[in-house]
Amino acid sequence: MDDYQSSRAGKSGNHLTVTNGGDCRHSTSLSNGSIKQPMNSTTANAAAANELYEMLSPELRAKLASSEQRMIVPEGTPLIQQGVPPENLVIMHSGKVAVSLNCMSGSASLEYSEPGKVFGMRALVSGELPEINVTCLEPCSITTLPRTDFVALLESNPAIYFAVAKVLSTDLKIADRILRNNSRRFFCGSRSRPAKSN
Amino acid sequence: MAYHFQIIEDCLKCAFREQSLFCDLPREALIRLQQIKATSVYPKGALLCLEGQSPRGIFILCTGRAKLSTTSSEGKSMILRVAEPGEVLGLTAAVANSPYEATVETLEPSQANFIAQADFVRFLQEFPDVGLKVAKQLTHNCKCAYDEIRSLGLSNSVPEKLAKLILRWAEHPLELSSKKPNETALRVTLTQEEIAQFIGTSRETVSRVLTSFRRKGLIRVKGATWTITNRRALENLVTT
């Protein structure tokens, strides 16, 4: 982890933990600093505007909606951790995260702030452990979907794989951007701050 | 121009189908694939798609190999990876309806099946198995990209990077009856300039390091055939 990363991640050791089925009509501070948001019509629409949902039928969206948890998480919160099986899919609505890969010689990373990105899909569908870290660089508004609920929906509706493919396509683009934007450091051995997302 | 491979026009009769991450599909899906794909044969150096170009469709690489290159943030051309037969190219762009992320250029005479984007999207929607295969291919591509990032980030010296690259290629050696025991023959179709783009250095440095490898008896180079003569020494160069 380079200096920039460690200074960011070091500000909070929060881990994302979500309880399902909670009453979301009232904002509640979680012990880890996350704040649940009420799901009114505006936030529900915002939640629909993501790369996963835009490919799903209204019926399937409705099925997932019952398991959603929308919240604001503080800076430094790890949304996905390398080597740790994710319990949730994480849909980002606002804020900025760092997507990084741990290497023995440091960390290659990319700042990412595009709303609607879904994190955790690759590990979820492949059953492999995540190879990236996704850490909030500022307070982020997110929605979480429990892994078990999404996998159950996927198994009963294989047509969702098209939507899954779209999410994975963005994951691959992010990996390619990390490679491209960190090429100077890789090739020259210099240290650099995370590159801005294209 | 004569190509030294058999053109596979019928996906249902393709002997390599089961080895491919994407093509091992149910019969109904293969029949539809047969209807929507256009088979073409390309010479070495053909550009299948260009970085930044609007997506036209996908290419299933049936025979041959192709390099995927992009432009770094410093404006330098860099090779992301080399695609092998069975791989689907342009998938990210076609699925996400976004510009191609990389330029794809054949490294040798190749056969590729082209499917127009609209047909491919319909194909995906019609056959859930195809969606699953696409997801698997993208998952695999992500893993390759992550490995590439880690690999490049860990290698410090050019000899180490080059040794690592040669050892990676050695995972798919040439089958040569005349080869000596403990030697591994490879077919390297990349130019020294392209190898330089692969490991982020200059062509001159690649040339110098290759000469050093040859003098030390690590490898033997004869045209496009490289032979690893001292694998242990190459492995010793890789410290990470």
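This is a predicted model: local features need pLDDT of at least 70, side-chain atom pairs count only at pLDDT 80 or more; totals for chains, interfaces and linings use all residues.
Pro109(B) and Leu68(B) are 41 residues apart along the chain, and their C-alpha atoms are separated by 16 Å.

## Confidence in the two chains

For the complex, the predictor gives an ipTM of 0.74 and a pTM of 0.75. Chain B has an average pLDDT of 86, with 93% of the residues scoring at least 70. Among the elements of chain B, the lowest mean pLDDT, 81, belongs to helix H4 (residues 128-154) of chain B, and the highest, 96, to strand E2 (residues 47-49) of chain B.

For chain A the mean pLDDT is 73, and 66% of its residues reach 70 or more. Confidence in chain A is lowest in helix H1 (residues 3-9) of chain A, where the mean is 34, and highest in strand E3 (residues 78-80) of chain A, where it is 95. Over residues 1-31 of chain A the pLDDT is below 50, and the model gives this stretch 57 contacts beyond near neighbours in sequence. Another stretch of chain A, residues 185-198, also has a pLDDT that stays under 50, and for this stretch the model has 30 contacts beyond four places in sequence.

## The two domains of chain B

Chain B is divided into domain 1, covering 11-153, and domain 2, covering 158-237. Taken over C-alpha atoms, the centres of domain 1 of chain B and domain 2 of chain B are separated by 27 Å. Where the two domains meet, 10 residues from domain 1 of chain B and 7 residues from domain 2 of chain B take part in the contact.

On the side of domain 1 of chain B that touches domain 2 of chain B, strand E4 (66-71), strand E5 (77-83) and H4 of chain B each supply at least two residues. E5(B) gives the largest share of this side, with 3 residues.

Phe114(B) is found in strand E8 (residues 110-116) of chain B. Phe114(B) counts as buried because 20 C-beta neighbours lie inside 10 Å. If its neighbours within four places in sequence are left aside, Phe114(B) is in contact with Lys37(B), Ala38(B), Ser40(B), Gly57(B) and Phe59(B).

Which residues of helix H3 (residues 117-126) of chain B are buried? They are Phe120(B), Phe123(B) and Leu124(B). These residues are on the same side of H3(B), because they cover an arc of only 100° around the axis. An α-helix has 3.6 residues a turn, so residues three or four places apart point the same way.

Asn97(B) lies in the loop between helix H2 (91-96) and strand E7 (103-106) of chain B. Is Asn97(B) buried or exposed? Asn97(B) is exposed, because there are 12 other C-beta atoms within 10 Å. Although Asn97(B) is not a glycine, it has a positive phi of about 50°. Most residues other than glycine have a negative phi.

## Chain A and the largest nonpolar core

The secondary structure of chain A comes to 7 helices and 9 strands, and buried residues make up 45% of the 198 residues in this chain. Among contacts in chain A between residues at least 6 apart in sequence, 79% join residues that are at least 24 apart.

In soluble globular proteins, nonpolar side chains tend to be buried together. The largest nonpolar core here has 105 residues, of which Val97(A), Val164(A) and Leu89(B) touch the most other members. Helix H6 (residues 161-181) of chain A gives the largest share of this core, 12 residues, and the core draws at least three residues from each of domain 1 (11-153) and domain 2 (158-237) of chain B. Apart from its neighbours within four places in sequence, Val97(A) is in contact with Leu79(A), Met92(A), Tyr112(A), Val134(A), Thr135(A), Cys136(A), Leu137(A) and Cys140(A).

Methods:
Residues are numbered from 1 along each chain as its sequence is written. Chains are lettered from A and ligands numbered from 1 in the order in which they are written. pLDDT is the predictor's confidence in each residue, from 0 to 100. Helices (H or I, at least four residues) and strands (E, at least two) are DSSP runs, numbered from the N terminus. Domain bounds come from an automatic or database domain assignment. The arc is that of the directions from the helix axis to the C-beta atoms. A nonpolar core is a set of buried Ala, Val, Leu, Ile, Met, Phe, Trp, Tyr and Cys residues joined through C-beta atoms within 7 Å.
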